[in-house]
Amino acid sequence: MAITRLPSAGFSITIRIAVPADASSIGRLTTAVGEAGAIVTALDVVDSDPANVIVDLTCDTADASHADQVVDTLTALDGVDVRKVSDRTFLLHLGGKIEVHSKVSLRTRDELSRAYTPGVARVCQAIAENPADARRLTIKRNTVAVVSDGSAVLGLGNLGPAASLPVMEGKAALFKRFGGVDAWPVVLDTQDTDEIVAIVKAIAPAYGGINLEDIAAPRCFEIEAKLREALDIPVFHDDQHGTAICVLAALTNALRVVGKQLADVRVVVSGAGAAGTAIMKLLLRQGVGDIIAYDRQGALHRGLTGLNPAWQWLADNTNKDGYAGDLAGAIRGADVFIGVSAPNLLRGDDIAAMAKDAIVFALANPDPEVDPREARKHAAIVATGRSDQPNQINNVLAFPGVFRGMLDAHAEEFTEEMALAAARAIADVVGEEKINPTVIVPSVFDSRVAPAVAAAVRAAAQNPATAPNLTDTPAPATTPDPPADLPEIAAEASATP
């Protein structure tokens, strides 16, 4: 069976199987799964009797159809009884992925009287007299709204608010796990720009920051701009800025590995939506040699007409030579390819036509713009968005630490200086002595990442002039000190306002 897609934990299944109690039975199962193109990740014996053994076989498959094929293959084996198949991803989502926990105990009348009425009235009055106290006396100091209209859910398109909720729940869980930030999904049953802006403005008093998520371009640009103008808390569109930060961090280290300078390279970006536009703007801010932006219209250049404002800006500020051909032609001789678009747009031969020591970031999920196995035959460095491939470029490297730093600094806006500082922090966590073609970004589970990003963002918020130039010599990778203001805040919180 030829499987071109890569098996993934996102399509992991557990199959409960009864097999004869002989020495060869379990070996036949694992062999059949491997021949079917899946990857066995666990095999547990759950019961047995003199005649049979009951096992749970867990494997990664490429997609739902492939999972069905694997099950059919096992069912066809002599003496094998497939009793139950469980989709592990759906099991994980049963009942949702997040919940609310109280930070205070409510065991006595005394505690209830202070947490709620009558004692809470004193805190309400204090905030009414000084609204700034809401940052230290309520959840506002550590809470972010994860806002979506469901118009651009992952790479799946316009699925609507209810279908976006599993993603927003996951985002909230990641905020807590990696940044210690309390986040809550806010999915909106409207895709009207002005209505979204009005709703977010109305709920903003409860939050210390707004994380926009999975809102389609170009509407997302207008929504972000209007909210930034209206609110005194940071507004951060992760699909734009989180992606751009992580890509810049990865590219910084990739260029260090191949010995090239950003100012000397030509970059082709496939996908001029939210992520692609933000990536290109940040690269231009850092002085990239040239960029060709490619999207449904083809290569964006000054001769095109009828472009939306975002694409017109890119046409005016990229593609110095006015290239107007196809994507394969655009990457011929290019130093860097960055894909934030659609699967299987390129072949290995296309990558072979790039410049020497080419860098390929094929970030479409779950299937990249080019098969990473083919790309690695020709490119010096290959990165994807997949957790089962080397060099995973994942926004979780950025957004938890970015919001941690902004919340700690009581920042009122997200700035380009913060983005540059965050990218530099992520790149430097790896350490110049550790980077190599398969390690250009830290693991998402590296405990140094979020604190380093938070410290860098906090410093940029307090002194924008310190924002780094990523072409400078990298700083040593260290674990930063905890936020300096935390003891003071804790002391304030325990005092009578």
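Which residues form one aromatic cluster? Phe 175, Phe 236, Phe 399, Phe 403 and Phe 414 do, and I'd like to walk you through them. Keep in mind that this is a predicted model, where local features need pLDDT of at least 70, side-chain atom pairs count only at pLDDT 80 or more, and totals for chains, interfaces and linings use all residues. Residues are numbered from 1 along each chain as its sequence is written, and side-chain values use heavy atoms, leaving out hydrogens and water.

The structure has 5 aromatic pairs; rings of Phe, Tyr and Trp (its six-membered ring) pair if their centres lie within 6.5 Å, with planes under 30 degrees apart called stacked, over 60 edge-to-face and the rest tilted. Take Phe 175 and Phe 399: their ring centres are 4.8 Å apart and their planes stand at 65°, so this pair is edge-to-face. It links distant parts of the chain, as Phe 175 sits in helix H7 (residues 161–179) and Phe 399 in helix H16 (residues 399–408), 224 residues apart. Helices here are DSSP runs (H or I, at least four residues), as are strands (E, at least two), numbered from the N terminus.

Buried or exposed? Phe 175 is buried, at 0% relative accessible area, and Phe 399 is buried at 1%; the cut-offs are under 20% for buried, over 50% for exposed and partly exposed in between, with a 1.4 Å probe and protein chains only.

Next, Phe 236 and Phe 414 also pair edge-to-face, 4.8 Å centre to centre with 85° between the planes. Phe 236 lies in strand S8 (residues 235–237) and Phe 414 in the loop between H16 and helix H17 (416–430), so parts 178 residues apart in sequence are tied together. Both Phe 236 and Phe 414 are buried.
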